[in-house]
Amino acid sequence: MINQEELLEYLQVNAAYKSQVIPKKETFTFVSKITGMPQIWTLNEKQNPVQYIETKDRPMSIHHSPNGEMTVIGIDDKGNEKQQIYLYDQKHDKLETLVESLEHFHYLGGWSPDGQYFSYSSNRRQPGYFDVFIVEVATKEIREVFQYDGNCTPLSWLDQDHLIIDIPESNIDSAIYRLNIHTKEKTRIGEDHYPARYQSPVMMKSKEGGYVLTNLGEETLYLARFTFEHPEKLEKLLHWEKWDIGELKKSPNEDYLALTLNEGGISRLWLYLPDSNEKEYIKGIPDGVIESISWLNPDEFIFSLKTPTIPGDIWKYSLSSKKLKRLTTISQSEMISRSGQAPKICTYQSFDQLEVPYFYYSQGHDKNKPAVIYVHGGPEGQSKADYNPVIQFLVHQGFAVAAPNVRGSNGYGRSYLKLDDARKRMDSVRDLEWLVKDLIDTQGVDPGNIGIMGRSYGGFMVLAALTHYPDLWAAGVDIVGISHLETMLENTGEWRRRLRECEYGSLDRDREFFDVIAPLNHSHKIKVPLFVFHGRNDTRVPVRESEQMVEKMKADRQEVDLIIFEDEGHQTERLENHLTMHKNTIEFFTKHLMESTTIEN
């Protein structure tokens, strides 16, 4: 029997994330759902959270001006990800429209060094083409500075005359350029003959070059330095061969680089001194996921931290004192702190002897437990050591939960990442079959009561597992999942189709293969109850993907339920919808997995 008060404690706990320093102020903003939907917050003189500005919908991008007086905010409408651009004047507490075209997408780039202009890209010219614009903040005059027939995003300004832009070349690889906004001349950073990832570029004050994370010639992301005199030459500075460096932020005086290392889904925080080539590990941080590093001053920086038992708060580190301080306690919960479970990292051998890692959550060592496998999205996503209310409450109820990083997951090198591309798609689904075997053999879970759930591409994995390995499962939950790769590619946004085809296969070449593997075409094989959730305004995986699956199953008189959130998109952001989805998921698994299980000590 589910204790509803305990369930709400797990589901309603708040979090603070997306920390960002306000220049010249030595304070910061963050995002939280304290009011029931994502909003921007800050701390007052007593260090209590207060709302920075109320927006009509969720803020997706937040950019404070160089003088700290104004903020540009990207806001979408009911989850459709079509950001419109707004300007907030903090001094006069005034929010006004800066750039608006409701049918189009806008990717926000950042402020010019003098605070006069803001950069962005938009697909106004053609749905799949993102051209780069700058808008003069005072007059709202817009000027196109670059046309590109594909995806293109401005990342930052180098100086008043140059932007740094990102152009994806595949689902994982990209190119970064210096763009002259007057002449349109592009200068590529790094090699142009070999595919690679380039991310987190950081420019030096001298404008002569900077730092970038790349995996050029290597399996994992490393730190490199470049100059614009010879931008194709990268000097490797810091590399852990097994793990990716994940985030990079430069101190105001350029003496330090703060960076995160992704050790199999757990973040480690490091400081690097470019002048001496020394590095320093910052100890004492709970095992979890570190994001949104932002420097307050040359001595202090802040970051967001999420762990399996800390849903999310903002922390500060001081270089001089070498001390950590937790600045917010928004996610503090006595019950979760007391009862929440940290996972252990396990591995198993799949059908071809590939070592596959997974996070295993379990309370105690009882045998014959019901179990749920939680599959991440992407496909090039990664299960990490962060807070998931469904996982934690299921474990609290006596379930075991496994969150695998099957082949195709990020964080384990380029070769591992590409093991599920195109015609190898079903190998990753087969990894789930072998995970079930490992959970039974090594963890002692109940073989007759194993469920599976996943979001986005994880939803495809759920449907593929239920249809291609129907005898393994007792129940499934699909959240904004794909039921047929062909129809998803046909109906997703044009700006995404080419990049997704690099991963899934091409509509021109692979339609027959898509038909062979499509869960929609095998739905009659599903033997267990299925619960499906989707947002009406999803521009990534159109809601039709869920509707067509459910319609076919209902026509075949199979057990399936569908909830569509009319005011959500690909994510589930509003608290009421969050509660509805997770509460139904937990009750669904409890009904179909727990009630017939006898747990053995």
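## A pocket, a helix pair and some buried residues

The second largest pocket is lined by E26, T27, F28, T42, L43, N44, Q47, L296, K316, K325, R326 and L327. Keep in mind as you look around that this is a predicted model. The space inside the second largest pocket comes to about 240 Å³. Three strands each give at least two residues to its lining: β2 (27-32), β3 (39-43) and β28 (323-326).

H64 sits 36 residues away from F28 along the chain, and the C-alpha atoms of the two are 9.6 Å apart. H64 belongs to strand β5 (residues 59-64). Is H64 buried or exposed? It's buried, because its relative accessible area is 8%, and the cut-off for buried is under 20%. Setting aside neighbours within four places in sequence, H64 touches Q20, V21, I22, P23, T29, Y52, M70, T71 and W111.

Now take S523, which is found in the loop between α9 (511-517) and β35 (530-535). With a relative accessibility of 0%, S523 counts as buried too. Again leaving out neighbours within four places in sequence, its contacts are T467, M549, K552, M553, D556 and Q558.

Here are the two residues side by side:

| Residue | Where it lies | Relative accessibility |
|---|---|---|
| H64 | strand β5 (residues 59-64) | 8% |
| S523 | loop between α9 (511-517) and β35 (530-535) | 0% |

On to the helices. In α8 (residues 494-504), the buried residues are W495, R496, R497, L499, R500, E503 and Y504.

The crossing of α3 and α11 is right-handed. From α3, the contact uses P389, V390, F393 and L394, while α11 brings H578, H582, T585, I586 and F589. Sorted by type, the residues of this contact are six nonpolar and three polar, with no charged ones.

Terms used. Residues numbered from 1 in each chain as written. Predicted model: local features only at pLDDT ≥ 70, side-chain atom pairs only at ≥ 80, totals over all residues. Heavy atoms only, no water. 1 Å grid on protein atoms, 1.4 Å probe; cavity = no way out; pocket = protein on both sides within 12 Å on 5 of 7 lines; lining within 4 Å. Points joined across faces, edges and corners; volume = space filled by probe spheres on them. Helix = DSSP H or I, 4+ residues; strand = E, 2+ residues; numbered from the N terminus. Left-handed = near helix turned anticlockwise from the far one by under 90°. Contact = heavy atoms within 4.5 Å. Nonpolar A, V, L, I, M, F, W, Y, C, P; charged D, E, K, R; others polar. Buried < 20%, exposed > 50% of the residue type's maximum accessible area, 1.4 Å probe, protein only.
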